[in-house]
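Visitor: I would like to learn how to read a model like this one. Could you walk me through it?

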Number of protein chains: 2
Amino acid sequence: MRRLPLLLALTCAIASAAAAERETRIADAALATAAKLREAALADDTGWKVTESLTTEVGPRMGGSEGDARAVAWAQAKFRELGFDKVWTEPVTFPKWVRRSERAEVLGAHSQPLYVTALGGSPGGTVEGEVVRFEGLEALQAAPEGSLKGKIAFVDFTMERKRDGADYRIGGGIRGRGPSEAIRKGAIGYVMRSAGTDSHRVPHTGMTRFADGLTPIPSAALSVPDAEQLSRLVALGPTRIRLSLDCGIDGEYTSYNVIGEITGRKKPDEVVLIGGHLDSWDLGTGAIDDAAGIGISMAAAKLVKPLKPARTIRVVAFANEEQGLHGGFAYAKKHAAEIERHVIAAESDFGAGRIYAFDSSAPDYAQNAIRRIAGVLAPLGIELQPGEGGPESDIGPFAAQGMAWASLNHDGTQYFDLHHTADDTLDKIDPKDLAQNVAAYAVFTYLAAEAQGDFGSAPKAEAPPAR
Amino acid sequence: MRRLPLLLALTCAIASAAAAERETRIADAALATAAKLREAALADDTGWKVTESLTTEVGPRMGGSEGDARAVAWAQAKFRELGFDKVWTEPVTFPKWVRRSERAEVLGAHSQPLYVTALGGSPGGTVEGEVVRFEGLEALQAAPEGSLKGKIAFVDFTMERKRDGADYRIGGGIRGRGPSEAIRKGAIGYVMRSAGTDSHRVPHTGMTRFADGLTPIPSAALSVPDAEQLSRLVALGPTRIRLSLDCGIDGEYTSYNVIGEITGRKKPDEVVLIGGHLDSWDLGTGAIDDAAGIGISMAAAKLVKPLKPARTIRVVAFANEEQGLHGGFAYAKKHAAEIERHVIAAESDFGAGRIYAFDSSAPDYAQNAIRRIAGVLAPLGIELQPGEGGPESDIGPFAAQGMAWASLNHDGTQYFDLHHTADDTLDKIDPKDLAQNVAAYAVFTYLAAEAQGDFGSAPKAEAPPAR
């Protein structure tokens with residue numbers, strides 16, 4: 001055997017002792033309770049009922065809409081109905097974007113309608129021009145300056161189905177940054193193949209952002225079959241289209257993060273935060289995005305409540321995630337002084353596919369606790385996959401300031417078939433998969449609340465300023 | 001062994017001799033040629049190119065629309081491009097129904113939009129009322145007289161996917177007869193779960209017919225997810241909706257059956273008729289319904305042409321099938337005196353799924369020829385299934401007067417996912433399946449043209465009067 005040099009050996013021994021002192025622990029009794037909780041959750045339909053209630057009784061609930069206001073009232077009532085100990089709201093103010101109508105059509109010899117939806121943030125307006133097709137954002141960026149003067153840019157990137165939804169980084173980038181690139185080249189309008197993996201006439205909306213100093217242009221997504229049709233037409237010869245959008249910013253609106261708590265038995269001031277976002281896009285009823293996240297987190301907390309967890313369980317139904325994490329930023333700003341009190345957080349905002357991986361930002365001294373949680377998650381088909389996760393959407397801003405996070409990664413293979421479309425409806429959720437999701441969140445939440453020691457939440461010196 | 005009584009034996013012998021005299025025959029050489037034709041067709045993409053051309057360059061082509069006129073011009077040009085010997089048109093006049101806008105929404109505490117499409121033939125109008133749900137047409141028929149006064153009837157029948165599309169008999173009946181039944185009970189509006197088997201926000205249109213003496217009411221189909229949503233809302237309590245349709249009959253329009261012929265080598269006056277319908281609904285680009293039928297029949301005839309078939313091959317692109325077989329009735333009326341000249345006919349109007357069965361109206365003396373054709377179709381996975389087929393759509397009126405028909409039955413398992421929706425687009429067709437369809441039609445067409453003897457076409461004494 002190789003021997004360590006004496007000094008290194010001594011250093012290691014000291015470090016180990018320090019780590020041992022600080023190690024975050026989970027008791028065997030808690031693990032046994034969590035295993036029973038897991039099985040009970042798999043047989044429970046609270047998550048389904050909550051998801052069904054939100055998507056049916058409220059339906060679409062775009063930030064700033066009448067449905068947004070009804071969703072806020074619904075969430076408060078639902079928290080109370082489920083027996084949460086405290087329920088309150090925190091205001092979230094944002095620009096109110098409205099969609100009134102949208103229409104596109106091919107002009108000329110092959111005239112025909114195209115199914116489009118305005119990108120969130122797009123201004124209204126009617127533009128007509130020849131279409132110039134690009135295979136991706138780089139191709140658009142490489143177009144000569146001024147080459148799109150009077151024309152309509154068409155970015156036609158095809159996303160592939162992947163379990164972790166990796167292609168959305170590309171598709172989402174084309175949606176977010178494409179219009180600004182098109183403006184820089186002189187375009188008067190922008191259309192893109194939907195950032196989606198389906199083959200239906202249901203275009204995918206989603207936010208775009210116009211860079212400062214540019215004059216926004218009407219910007220829309222074509223359904224996937226329409227993008228293919230337009231691509232065929234462009235291949236036949238010069239193709240002109242008309243894009244008519246009636247939409248845009250209409251002042252400001254104040255919605256609310258809606259928060260429900262199960263008060264901790266021993267450490268009521270320490271919080272395990274879970275949640276989802278309450279808003280949806282307007283086209284569907286926001287079942288996978290993100291009524292499921294609301295259903296999963298409300299149900300998980302409700303199932304944990306009878307176990308009287310040591311720490312407080314806080315469920316946050318975030319306001320207006322879709323148009324820029326408005327609820328997440330508002331939460332991070334309001335609670336900026338309470339980072340350490342937020343022991344760890346996890347958000348469900350990637351649908352209701354089966355959860356297959358678990359990850360966290362926990363430091364070494366909490367990794368044993370994370371492994372013990374993973375052990376109880378394993379029978380659900382969930383593996384510990386360090387480095388594969390990240391803080392989901394609304395908890396991102398607070399995590400960037402130092403809050404510890406965990407991620408329970410849903411299988412997203414089908415997610416981008418439905419994401420941000422009219423097709424995001426309740427029938428797309430499998431109740432058994434949703435119960436598995438609830439079971440995973442319940443196990444994680446309960447054990448994080450019972451853990452002795454922390455998961456590393458601490459203000460970061462280099463944290464970005466709160467918005 | 002049992003002996004036949006002498007008289008019966010003699011009678012049978014005479015009948016057999018008569019049948020033998022009249023037996024329709026197909027020569028071995030023709031079978032060998034047909035087998036080569038089959039393999040060539042499987043490797044040929046004419047069917048795909050024609051289907052792509054019609055759906056892309058013309059797109060939607062509802063009877064009476066600007067697309068209808070472009071489709072008529074397209075079909076004449078395509079027949080010529082493919083080398084047909086004769087190309088002509090025959091006028092078809094029908095009421096012009098137009099769709100301008102359509103909208104529905106749940107009112108009150110659960111307000112939200114519902115995705116609907118007007119049924120063809122529906123009048124325009126805006127109605128508001130409480131929804132009364134029925135599980136099927138019988139339940140609506142059983143409702144007490146006057147019980148729907150001031151209300152909106154909702155028939156919520158669920159079609160199942162079946163290879164032969166059998167449930168469409170029920171779903172189509174609900175669409176065709178439901179509105180009239182609702183009017184008889186006092187309803188002011190009618191909505192139905194789409195006659196479809198998908199789960200997308202793409203409602204299925206299709207023709208309805210108001211019975212004589214009734215005042216038509218706005219009538220529409222909900223997408224399947226919307227029907228499920230409305231069903232959940234109705235279960236929660238009284239639910240009011242508003243249905244606003246702007247559509248209706250706007251005078252008459254004259255379109256055309258477009259006909260192309262490959263002139264027969266020996267019997268130019270005898271015709272084997274194949275075809276599809278040129279029109280589509282307006283929501284999609286009519287790929288499976290029925291650009292595929294046009295592509296299959298044009299390609300089959302084109303592939304047969306170099307073989308110089310004995311009889312003439314006539315391809316008919318029928319006008320306005322969707323709104324009542326207008327092209328089919330016009331053809332039957334115009335050619336009523338030529339039934340015997342139409343040796344046999346087959347239409348492709350059930351999508352582009354693989355053909356799995358073959359059937360015909362051929363009398364006993366032609367059954368051996370039918371079996372020989374079936375033998376060449378067998379390697380395509382097609383079985384002779386007597387009694388399982390019928391004359392498809394537009395050839396129905398002429399078949400009712402006595403024209404012999406054959407049917408090549410497509411697998412329709414997915415057909416009603418797409419039928420009459422915006423989702424009926426080119427991407428839903430598998431080029432290999434389409435090539436199999438073309439191969440089947442080419443084999444059938446060639447061998448029917450080469451057969452010595454007929455398939456039973458003869459005027460029926462009891463035929464219904466031509467419309």
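This is a predicted model: local features need pLDDT of at least 70, side-chain atom pairs count only at pLDDT 80 or more; totals for chains, interfaces and linings use all residues.

Visitor: How many residues does the contact take from chain B and from chain A?

Guide: The size of an interface is often given as the accessible area lost when the parts come together. Here we count residues instead: 20 from chain B and 20 from chain A, where contact asks for C-beta atoms, placed from the backbone, within 7 Å. On the side of chain B that touches chain A, helix 3 (46-58) and helix 7 (224-236) of chain B each supply at least two residues; helices here are DSSP runs of H or I with at least four residues, strands are E runs of at least two, and both are numbered from the N terminus. Helix 7 of chain B gives the most, with five residues.

Visitor: In what order do the strands of the open three-stranded sheet in chain B come?

Guide: Strands of a sheet pair through backbone hydrogen bonds, either parallel or antiparallel. In chain B the order is 13-12-14, with mixed pairing (a pair needs at least two DSSP bridges). Strand 13 (383-384) and strand 14 (406-410) of chain B are at the edges with a single partner strand each, so one side of each has no neighbour in the sheet. Strand 12 (residues 355-360) of chain B runs parallel to strand 13 of chain B, over two bridges. Phe358(B) has Leu384(B) of strand 13 of chain B as its bridge partner.

Visitor: Which way do the residues of strand 6 of chain A point?

Guide: In a regular strand the side chains alternate between the two faces of the sheet. In strand 6 of chain A, Gly189(A), Val191(A) and Arg193(A) point one way, and Tyr190(A) and Met192(A) the other. Five of the five residues in this strand (residues 189-193) are buried, with 20 or more other C-beta atoms within 10 Å of their own, C-beta atoms being placed from the backbone; 12 or fewer would be exposed, and values in between partly exposed.

Visitor: Which strands are joined to strand 6 of chain A by four bridges?

Guide: Strand 5 (residues 152-155) of chain A is joined to strand 6 of chain A in parallel by four bridges. Strand 7 (residues 219-222) of chain A also runs parallel to strand 6 of chain A, through four bridges. Among the partners, Ala153(A) is bridged to Tyr190(A), and Met192(A) stands opposite Ala221(A).

Visitor: Is Asp417(A) buried or exposed?

Guide: Asp417(A) counts as buried because it has 21 C-beta neighbours inside 10 Å. Asp417(A) sits in helix 12 (residues 415-418) of chain A.

Note on methods: Residues are numbered from 1 along each chain as its sequence is written. Chains are lettered from A and ligands numbered from 1 in the order in which they are written. Two residues are in contact if their C-beta atoms, placed from the backbone, lie within 7 Å.
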